[in-house]
Structure formats: C-alpha cells, structure tokens
Protein chains: 2
Amino acid sequence: MKQKAVNIAEKLTLFAEHWSPKIVATYNGNEVMVAKISGEYVWHKHEDTDDFFFVVSGHLLIETERGDVELGPGELYVVPRGVMHRPIAEHEVHILLIEPRGEPNSGDPATAATKVWI
Amino acid sequence: MKQKAVNIAEKLTLFAEHWSPKIVATYNGNEVMVAKISGEYVWHKHEDTDDFFFVVSGHLLIETERGDVELGPGELYVVPRGVMHRPIAEHEVHILLIEPRGEPNSGDPATAATKVWI
C-alpha cells in the first residue's frame, strides 16, 4: 500500500481564508498546520508552548517583546513560550505552523480559530 | 534588538556530510534539524516518537512496513512511532527533521549520529 506525503503547496490551494490554520499532519500530539495570513494579528502569548513558524511564501514580520523577526520563504522561527508576539503580513503570507493539539492560535480560546483537517 | 530567523538553505551550505543531522532550532523539547542524505539508510523504528520529515530539495523515498512514501520538495511525512522505516535517497536530498531532544536518529544509540548545532 502506498502512503501519501503531504504536499504543502497543494494544501494551500484548498482554502482562501486568512488566520484560519488547517491541520495537515500530527507529530507527537502536535498539529502541523498550514495557514494564509494577511494584515496584523493580535499581540498574544502561549504560556505553555513554543510557537513554530515556517514561511512557505511571502514575507512575515513577527514583532516580539524581545525584538522583531523578519522571515522570508524557507525561513523559520520559534517564538519561545511565554513571549508576547504579533505576526504581521503586509501582503499575504503562506506559513507552516506547529502547535500542540488544541492550543488556541490566539493564545485565548475565546478568540481562537477552529482548526480543521484538510 | 533584532531576532534572527533560521534560513534553511543557508544552514545547508554549512556542512557536506550525509546522515548527520544538524540542529537549527528547538520546539518544546524537540530538535529541529537539517540534514543531507544520500543512499540507503538502515531499517529502524522509534518506539516512543513519531518521525517528522520535510523535503527541502531532491526526492526522498521512505520505505515503511505500511507501504512506501515518495516525497519531493515542499512535501512532508510523519512516520508514526513504532513503525519500521528506511529512508532512501537515490541522489542527494536535503531535509528538515524534527525529533525529541536526544532521540537517536537511527533508533539505536549505538549507531546514531551525534547531533550538533549549526
């Protein structure tokens, strides 16, 4: 039986909405997700988990309380747990994210997006 | 203070050896690594962890006891814990890997590569 790899670019063609991560795989209880983002997100933090960002296309600015990070295609950054941060995409950016299963993407269940598989 | 993103392509220029993962970041006790691989690896499994593969360049075949997986650039696959598998790279392949800190890449401390930061 043939197993199937996850093609990131292909997954990114399946939806259009921003700030709505879609699960494409799991790794040890973490959700591996793709997302399209545009504009400014809210300042937030994750108390109990690091926050993994990998840029597939576009340019992403992550403001953090420790300084700003700029990411282009093929670049990754892990925001340490507890660190306030705010992703900003001047133009649409496509990213790969990793967060523990059930972690609210906004750091707050009240404002978090519902994560679904694609 | 400016924080620095990890440029995967740049990291991959810093070493040449095969089957010797280099750590570029950590995420919740996991090591995010880049590696160059060529030829056939050994059949092995990780009893207590999934095994995350993302192909940066080249074409990777992962034989598993559940079937084979072919990965091209921009494709990922997570080998579930406990599943026997063997990566094969007919030509050199550049990959991003995620494994728990200290996990032997061969599944066996006796044959594992020493992982160092770059």
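Strand 7 (residues 75-79) of chain A pairs with strand 1 of chain B in the antiparallel sense over two bridges, where strands are DSSP runs of E of at least two residues, helices are runs of H or I of at least four residues, and both are numbered from the N terminus; two strands are taken to pair if DSSP finds at least two bridges between them. Within this pairing, A:Glu75 stands opposite B:Asn7 in strand 1 of chain B. Strand 1 (residues 6-7) of chain A and strand 7 of chain B likewise pair in the antiparallel sense over two bridges, and the bridge partner of A:Val6 in strand 7 of chain B is B:Leu76. The model is a predicted one, in which local features need pLDDT of at least 70 and side-chain atom pairs count only at pLDDT 80 or more, while totals for chains, interfaces and linings use all residues. Residues are numbered from 1 along each chain as its sequence is written, and chains are lettered from A and ligands numbered from 1 in the order in which they are written.

Strand 7 of chain B is also joined by four bridges to strand 4 (residues 51-57) of chain B, and the two run antiparallel, with B:Asp51 opposite B:Val79. Five of the five residues of strand 7 of chain B are buried, so this strand is largely enclosed by the rest of the structure; a residue is called buried if 20 or more other C-beta atoms, placed from the backbone, lie within 10 Å of its own, exposed if 12 or fewer do, and partly exposed in between. In a regular strand the side chains alternate between the two faces of the sheet. Both faces of strand 7 of chain B are covered, with B:Glu75, B:Tyr77 and B:Val79 buried on one side and B:Leu76 and B:Val78 buried on the other.

The contact between the chains takes 28 residues from chain B and 28 residues from chain A, two residues being in contact if their C-beta atoms, placed from the backbone, lie within 7 Å. On the side of chain B that touches chain A, at least two residues each are supplied by strand 1 (6-7), helix 1 (8-12), strand 2 (22-27), strand 6 (67-71) and strand 7 (75-79) of chain B, and strand 6 gives the most, with five residues. The residues of this side divide into 14 nonpolar, eight polar and six charged, where Ala, Val, Leu, Ile, Met, Phe, Trp, Tyr, Cys and Pro count as nonpolar, Asp, Glu, Lys and Arg as charged, and the others, Gly among them, as polar.

Two residues of chain A other than glycine have positive phi values: A:Trp19, near 55°, and A:Asn28, about 50°. A:Trp19 lies in the loop between helix 1 (8-12) and strand 2 (22-27) of chain A, whereas A:Asn28 is placed in the loop between strand 2 and strand 3 (30-40) of chain A.
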